[in-house]
Amino acid sequence: MWRRSRRSSPHCWRRGYTGEGTPMIALPSIRLATSKDAALIAEMSRDYIEHGLGWSWTPARVLAAVRDRATNIAVAVDLELLAGFGIMHYGEDSAHLALLAVRPNRQQCGLGARLIAWLEKPALVAGIERIRLEARADNPKAIGFYRKQGYREVGRVNGYYRGTVDAVRLEKRLGSGLGTLAR
Ligand SMILES: CC(C)(COP(=O)(O)OP(=O)(O)OC[C@H]1O[C@@H](n2cnc3c(N)ncnc32)[C@H](O)[C@@H]1OP(=O)(O)O)[C@@H](O)C(=O)NCCC(=O)NCCS
């Protein structure tokens, strides 16, 4: 039997069973990436984010980010498939979302929003004031998604990506750290 996840789109429907064969709803779980995830994350970056720009987030670069204590890589795992990931670097006053992607057949199911919220939480707890990110100016879908998550456009950088594609800079102010979380 097919059961529905939180969205009504047909592609968000998925099959899950308890040990006794009873149908269940199993949302993808989100966890920290390990070194074993590095190659798949790099491939997803190449295919879904960096297309047309070359490949800068190679497996070695992702592996370095996995090992970096100031960086979190969140992965969403759906029936053992890596369905999405996000990479955030945490500084003193601001954090930077470097990458975020959800597999096309898992998009529009709420995974992107869950991943970004998961990565924002440590920034809130640490009292970091703002999160910054750049999105390709030729990617209105992502810009619309980030707006929906509370990010506001703060600038544009010509030729940010390899001198050929412009970036839109977006920022989200987090406010008062733990106080915001407690509300
Ligand atoms: C951008 C991306 C991460 C969004 O992930 P997603 O899982 O499809 O997004 P969600 O399903 O979590 O959407 C969350 C909310 O944003 C909204 N949203 C999604 N795309 C949107 C768009 N193009 N315009 C406006 N809102 C949008 C959804 O409607 C949803 O709102 P709701 O909760 O009120 O229904 C995904 O499309 C993706 O991986 N794209 C390819 C890679 C990419 O462009 N990455 C970003 C640049 S690094």
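Let's start with two helices: α1 and α2 cross in a right-handed way. A crossing gets that name if the near helix is turned clockwise from the far one by less than a right angle, and it is left-handed if the turn is anticlockwise. Before going on, keep in mind that this is a predicted model, in which local features need pLDDT of at least 70 and side-chain atom pairs count only at pLDDT 80 or more, while totals for chains, interfaces and linings use all residues. Residue numbers run from 1 along each chain as its sequence is written. Helices (H or I, at least four residues) and strands (E, at least two) are DSSP runs, and they are numbered from the N terminus.

Back to our pair of helices. The axes of α1 and α2 (residues 59–67) come within 8 Å and cross at roughly 120°. Here an axis is a line fitted to C-alpha atoms, for helices over the stretch in contact, and angles run from 0 to 180 degrees between N-to-C directions. That makes α1 and α2 oblique to each other: under 35 degrees would count as roughly parallel, over 145 as roughly antiparallel, 65 to 115 as roughly perpendicular, and the rest is oblique. Who touches whom? On the α1 side you'll find Ala38, Ala39, Ile41 and Ala42, and they meet Pro59, Val62, Leu63 and Val66 of α2. (Contact means that the C-beta atoms, placed from the backbone, lie within 7 Å.) Sorted by class, this contact has eight nonpolar residues, no polar ones and no charged ones. Nonpolar covers Ala, Val, Leu, Ile, Met, Phe, Trp, Tyr, Cys and Pro; charged covers Asp, Glu, Lys and Arg; the others, Gly among them, are polar.

Next comes the sheet. Strands of a sheet pair through backbone hydrogen bonds, either parallel or antiparallel. This one is open, with seven strands in the order β1-β2-β3-β4-β5-β7-β6 and mixed pairing. Two strands pair if DSSP finds at least two bridges between them. At the edges sit β1 (29–32) and β6 (152–161), each pairing on one side only. From one strand to the next, the twist averages 25°.

Start at the β1 end. Four bridges link β1 and β2 in the antiparallel sense, and Leu32 has Ala74 of β2 as its bridge partner. Then β2 (residues 71–78) pairs with β3 (residues 81–90), again antiparallel, over eight bridges. Ile73 is partnered by Ile87 in β3. The hairpin of β2 and β3 has two residues between the strands, and there Leu79 takes a positive phi near 50°.

At the other end, β5 and β7 run antiparallel and are joined by seven bridges; Glu134 has Arg169 of β7 as its partner. Six bridges hold the antiparallel pair β6 and β7.

Two helices lie across this sheet. α3 covers β1, β2, β3, β4 and β5 (130–136), running at about 30° to β3. α4 lies across β5 and β7 (165–173), at about 160° to β5.

Finally, look at the ligand. It is surrounded by 20 residues, the closest being Gln107, Gly112, Ala113, Ala142 and Gly144. (A residue counts as near if its C-beta atom, placed from the backbone, lies within 6 Å of the molecule.) Which element gives the most to this shell? α4 does, with five residues. At least two residues each come from α1 (38–49), β4 (94–102), α3 (111–125) and α4 (140–148). By class, the shell has 12 nonpolar, six polar and two charged residues.

Technical notes. A residue is near a molecule or strand if its C-beta atom, placed from the backbone, lies within 6 Å of it.
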